[in-house]
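This report concerns the nonpolar cores and the aromatic ring pairs of one protein model. Please consult the sequence and the structure while reading.

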Amino acid sequence: MSQPIPPHGPQRPPQVWDTRFDQRQTAPPGFGPAPVFGPPPGGPGDGTPERGPGKRRKALAIGLGLLLVAGAGTGGWLLWGRGGNDPAPKKKGPVQAVDAKLAWMAPVPDADKQKADRMARPWFAKGAIVMPTRTAVTAYEAETGKPRWTLPIPGIGCTSSPRSEGDVAVVVYGKGEFECNMAMAVDLERGRALWNKELTDSKGRKDSHAGANISFSNGAVTITEVLEPRVFDIRTGERRKPFDFGCPEQGTVVGRSEQLTIAQCQIFDRFFAMSVDPKTGVEKWTWKILDGLKVQNVLSVNPAVLTVAREHDTNASDIVVLDDKGRLKHLVSVSSGPYDLDDCKPRQYDTCRRAVVDGNTLFLPTSHPKGPGNTVAAIDLTTGKPRWTSDFGADRTHRPVAMHEGRLLVYQEATREESGKLLSVDPADGKAQVFMKLPQESAERESNLARSGDVYFRDGRLYLVTNYGMTDPSMMMVFH
């Protein structure tokens, strides 16, 4: 007799969204008040004695619907919500510029050269950078680039977890092209497979997980495509029962001991964002995504910052900022920035590599449809307004990379004639100083790789890693 599937965690008490929204008499707890358009209830101009939460939410929904429609027809609107008076970050001191050297390069593996258009993003583990490809997972020594170990994938790699957890990462693969119905957990320190599991549902049915969202929490990995999540113990691969959030979990992002979980009810209809205790699985607050919007990605857990798309859009249309009680604080239009979120994979949360959140500031690149250059914008999350935008004095592409010693690192992309730079930017005013100047002799290859890749900064090293491996023989360039 088969053993019962162990629970993912303590089961949650019945939630208010267990019934249809049109059957409720009150607003769900934890959704919190939201900004009200027009005079406040009970004040001058308020002609109705009705002041309950149901009436407020109905008025809010109507107002939001009108604004969203208006924004769609006029190119978008920047923000709404209550302002804040938090001070801007303090200015930082001078930066010592470094003339960096090309430390090493890693070529695209021979087995991947014919179909290198699906290069996954790397993981970092104890002095190594680990790169999953279609055929294998390989760890490279961070200092020398020498391969530390290689683990073949027993099939064709489809997708992988955007990050690792406790030196464990997960690869989704299939025995044949586009099957994508198997999962393998990889020990990044020892270079071995911890387990391989078939991605069947509770009734034993198989399906493809080519675009799966893979997330970690409470010692488990959750793999979700659209419907029923598949949950496994991260170390043993033992099947766990999905945690009962009332609606199927679509993905989780954990950061700074906080967990943000996205759930979806009534397929393609209604989303929820929940702040969850990562140890117990108990919800702290829940926010119902506004009607007509769907969650695309998660930029930050604390503060909670999401990207959303309107009903028929494939790309992000707005950025949602929630306060610490799960109430809508600001809605920032992507198109009116215009902010560049093209590297964010829809419905694969925690994959936005060009967005950096630090405290109450969101740093984003802008798009540049009319020329080669772009700017970087700092958005104050307490007000929803841009604090500054800067092109850093160069007609080149720029992208935020990470925070380092209280300053924002921005990569200034190379051209064929001039090498790139890593800039150190004061988060208070956007003033930049050169932090690393990359070598001129590798400028052309750097330019080729950077145009189709991602940039990482770890332990004093700058990594350029391709995500489309057919533009250059190199898969990775590392500067130090």
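In this predicted model, V320 is in contact with W287, A304, V305, L306, V308, L328, H330 and L331, leaving aside its neighbours within four places in sequence. V320 belongs to the largest nonpolar core, which has 21 residues. I262, W287, I289, L306 and V320 are the residues with the most contacts inside this core. Two or more residues each are given to this core by β16 (258-265), β17 (270-276), β18 (283-288), β19 (293-300), β20 (305-310), β21 (318-322) and β22 (328-333). The largest share, 3 residues, comes from β19. Another core, of 19 residues, lies apart from this one; A402, V455, F457 and L462 are among its members.

The aromatic rings are considered next. The count comes to 7 aromatic pairs, and two of them are set out below.

| Pair | Centre to centre | Angle between planes | Arrangement |
|---|---|---|---|
| F124 and Y463 | 5.2 Å | 75 degrees | edge-to-face |
| F435 and F457 | 5.9 Å | 65 degrees | edge-to-face |

Which strands does the pair of F124 and Y463 join? F124 lies in strand β3 (residues 123-125) and Y463 in strand β32 (residues 461-466), so the pair ties together parts that are 339 residues apart in sequence. F124 is buried, with a relative accessible area of 17%, and Y463 is likewise buried, at 2% relative accessibility. Ring pairs also link F124, Y456 and Y463 into a cluster.

F435 lies in strand β30 (residues 432-437) and F457 in strand β31 (residues 453-458), so this pair ties together parts that are 22 residues apart in sequence. Both F435 and F457 are buried.

Key
Residues numbered from 1 in each chain as written. Predicted model: local features only at pLDDT ≥ 70, side-chain atom pairs only at ≥ 80, totals over all residues. Heavy atoms only, no water. Core = buried A, V, L, I, M, F, W, Y, C linked by side-chain atoms within 4.5 Å. Buried < 20%, exposed > 50% of the residue type's maximum accessible area, 1.4 Å probe, protein only. Helix = DSSP H or I, 4+ residues; strand = E, 2+ residues; numbered from the N terminus. Contact = heavy atoms within 4.5 Å. Phe/Tyr/Trp six-rings, centres within 6.5 Å; stacked < 30°, edge-to-face > 60°.
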